[in-house]
Amino acid sequence: MKNTKLFLFLIIIFISSPSILKSQTWIEYTPQNTGIPLAAVREIVIDSTNAKWFATDNGLMRLKNNVWTVWDTTNSPLIDQYIISITKDKTNNIWVSTRNNGIYRFDGENWTRFYYTNFGFTLREIGTIRVDNNNTLWACSMFLGLLKHIVNDHWIRYSKLTSGFPDFSATYVTFEGNTKWAGTPTQGIAKYNDTNWVLYNSGNVPGLSNEIHGIAIDKNNNKWFCTRGGGLAKFNSDENQWTIYRTTNSGIPWNSTHSIYIDKNNNKWIACDDGLGGFVIYNDTTWTYPTEFGNETTADFMEDKYGNMWICQIVRILVYNPKGVIG
C-alpha cells in the first residue's frame, strides 16, 4: 500500500532460541517473542506465496519471509480493527470481515470497503466469509442471513423471509462443487444447489444439534459439523448416514466444538468451544488430545505446503509438525 506506514516486525528464528523453539516438533509465536500486538487470533489463510495471514481482534497480521506486518486503524483504511473472519480469492486478494463496519478486500496495496447493500441494510454482524469455486464471496450475518456478493456491494440475500434458507442468521458456509452447505444458530443445516434447499436439523436427524458452527468436507466426501453442546456430527451423504460423536460414545473430550479442519492425510483437527480449551485430532480410528499444547482456547487451523499445521489460539500462534517443523 503506497504512502502507508507499516509496522514491520523482523523475526529471526535461531534453532537454539528457547523463547521460540519449544521442541523439534512445534514452534510458538507470542507477543513476547515477536513484538506483534496482544490479540485473539481467530482465523488464518495461506496465500500462493506461502505467506500466512491472520484475522485478529487487533487488526490484520501477515507473516512472510519471517517478517510480521500489522494493519490496523492507525495505518490502513480499516475503521474497525476487530476482524472476525478472513479468506482469499483465486487472484490472491485477501478479504476480511469486521463486526459492524463491513467487509474489506485487500490486494496487498489497495483496500476496498463493502458496506452499503442494494437491499437497504448495511453489512453488520458479519461472521464467517468464504470464496466459492466460482471466485464469489459469501458472507454469514447474524442479522441478515446468508449473503452472496455479485459486484460492487450488490448482494443476494438468503434468509427466512426471502428464500428457502431456514433462519434469519447464518454461522458458517462451505462448498462442495456448486453446492453450498450453510450452518445456522437455531435451525440446523441448509444445503443449496442454486435451485433447491434441503434442510437437516433435529426434526429429521435424530440427535443432531440445531446450533451449527464450523463445517468441513473430508477426502471421502463426508460432511462434518461442529455444534454447541450436541457433539460432532458426520454425514455420509453417499449412504445418507449420520453419526454423532459425543463424550458418551467416542473419545472426543467435549460436546461443544467450534471449528474443524481436514489435513492432507484426512485427519480431523477439532477445536473445543465449551470453555475447556485445547483441540483434538481424529484419524477416523483414534482420538488424540495433545496435552503438550496445554488448554489454550483454539480458534482455527491450516496446513502449509510443508505439512506444518498452523494453530490459531487466543494469545498465541502454534506451528506443529510431528516429523519436525519444516521451513
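These legends describe close-up views of a predicted model. Local features need pLDDT of at least 70, side-chain atom pairs count only at pLDDT 80 or more, and totals for chains, interfaces and linings use all residues. Residues are numbered from 1 along each chain as its sequence is written, and side-chain values use heavy atoms, with hydrogens and water left out.

**View A. Strand 24 (residues 268-272) is enclosed.** Strands are DSSP runs of E, at least two residues, numbered from the N terminus. Buried means under 20% relative accessible area, exposed over 50%, partly exposed in between (1.4 Å probe, protein chains only). K268, I270 and C272 cover one side. W269 and A271 lie on the other.

View B. Two strands pair if DSSP finds at least two bridges between them. Strand 23 (residues 257-262) runs antiparallel to strand 24, joined by 5 bridges. Here S259 stands opposite A271.

View C. The structure holds 0 disulfides (pairs of cysteine sulfur atoms within 2.5 Å). For C140, the closest cysteine sulfur is in C226, 14 Å away and too far for a bond. C140 is buried at 1% relative accessible area. The sulfur of C272 has its closest cysteine sulfur in C226 at 11 Å, again too far. C272 is buried at 5%.

Terms used:
Helix = DSSP H or I, 4+ residues; strand = E, 2+ residues; numbered from the N terminus.
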